[in-house]
Amino acid sequence: ERVAFDFAYLKEPEEFENRVNTTGGLLDLDQEFLEAHGKFAARAYALFESMVKYWRDVSQLVSRLKAGYFIQHTVENVLEDVDGKQLLSEAYFLFGAMLVLLDAGLPGSARERLIVARYRGAQ
């Protein structure tokens, strides 16, 4: 917790970095933390990015269906089709399942700290 910061870091990163650099032993602890957990933070961040990309893709599909982007398909006729209905419902269900599993396996405070660790490690 002394070097694994939450989102408060993003408001005033200079203050947190100055505290790490000026407090005895924290700089070494910070480097050890980033070396030991940097790869995990990167993998977790890649997971978060993939989930966001999945949601954007599903949202984009529905938006394009609503806007008439596809000549022969609208939201209504996709939902009238058995396979289309299954596709859309499974897409939303899958995203919900991902969110529930993520929340059960990785609490919000841990997610915040992983994101900030990834941000700090990428600089």
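The paragraphs below go through a predicted model, from its nonpolar core to its salt bridges and then its surface patches.

In soluble globular proteins, nonpolar side chains tend to be buried together. Here the largest nonpolar core has nine residues: Ala 41, Ala 44, Phe 48, Met 51, Phe 95, Leu 102, Leu 106, Leu 114 and Ala 117. Three helices, H3 (26-67), H5 and H6 (108-122), each contribute at least two residues to this core. The biggest share comes from H3, which provides four residues.

Charged side chains also make contacts, and the structure contains four salt bridges. One of them pairs Asp 30 with Arg 120, at 2.8 Å from N to O. Asp 30 belongs to helix H3 and Arg 120 to helix H6, so this bridge ties together parts that lie 90 residues apart in sequence. Are these two partners buried or exposed? Asp 30 has a relative accessible area of 6%, and because buried means under 20%, Asp 30 is buried. Arg 120, at 8% relative accessibility, is buried as well.

A second salt bridge joins the side chains of Lys 53 and Asp 57, with an N to O distance of 2.9 Å. These residues are four apart in helix H3, so about one helical turn separates them. Asp 57 is partly exposed, with a relative accessible area of 37%. Another bridge links Arg 111 and Asp 103, at 3.3 Å from N to O. Asp 103 is partly exposed too, its relative accessible area being 48%. Through salt bridges that share partners, Glu 17, Asp 30 and Arg 120 form one network.

The nonpolar one consists of Phe 7, Leu 10 and Tyr 119, which together have about 280 Å² of accessible area. Leu 10 is located in helix H1, residues 8-11. With a relative accessibility of 44%, Leu 10 counts as partly exposed.

Where does Asp 81 lie? Asp 81 is in the loop between helix H4 (75-80) and helix H5 (82-105). Asp 81 is partly exposed, at a relative accessible area of 39%.

Definitions and conventions:
Residues are numbered from 1 along each chain as its sequence is written. This is a predicted model: local features need pLDDT of at least 70, side-chain atom pairs count only at pLDDT 80 or more; totals for chains, interfaces and linings use all residues. Side-chain values use heavy atoms; hydrogens and water are left out. Buried means under 20% relative accessible area, exposed over 50%, partly exposed in between (1.4 Å probe, protein chains only). A nonpolar core is a set of buried Ala, Val, Leu, Ile, Met, Phe, Trp, Tyr and Cys residues joined through side-chain atoms within 4.5 Å. Patches are made of residues with over 30% relative accessible area and no salt bridge: like charges are joined within 9 Å, nonpolar side chains (Val, Leu, Ile, Met, Phe, Trp, Tyr) within 5 Å. Accessible areas come from the Shrake-Rupley method with a 1.4 Å probe; for residues, only the protein chains shown count as cover.
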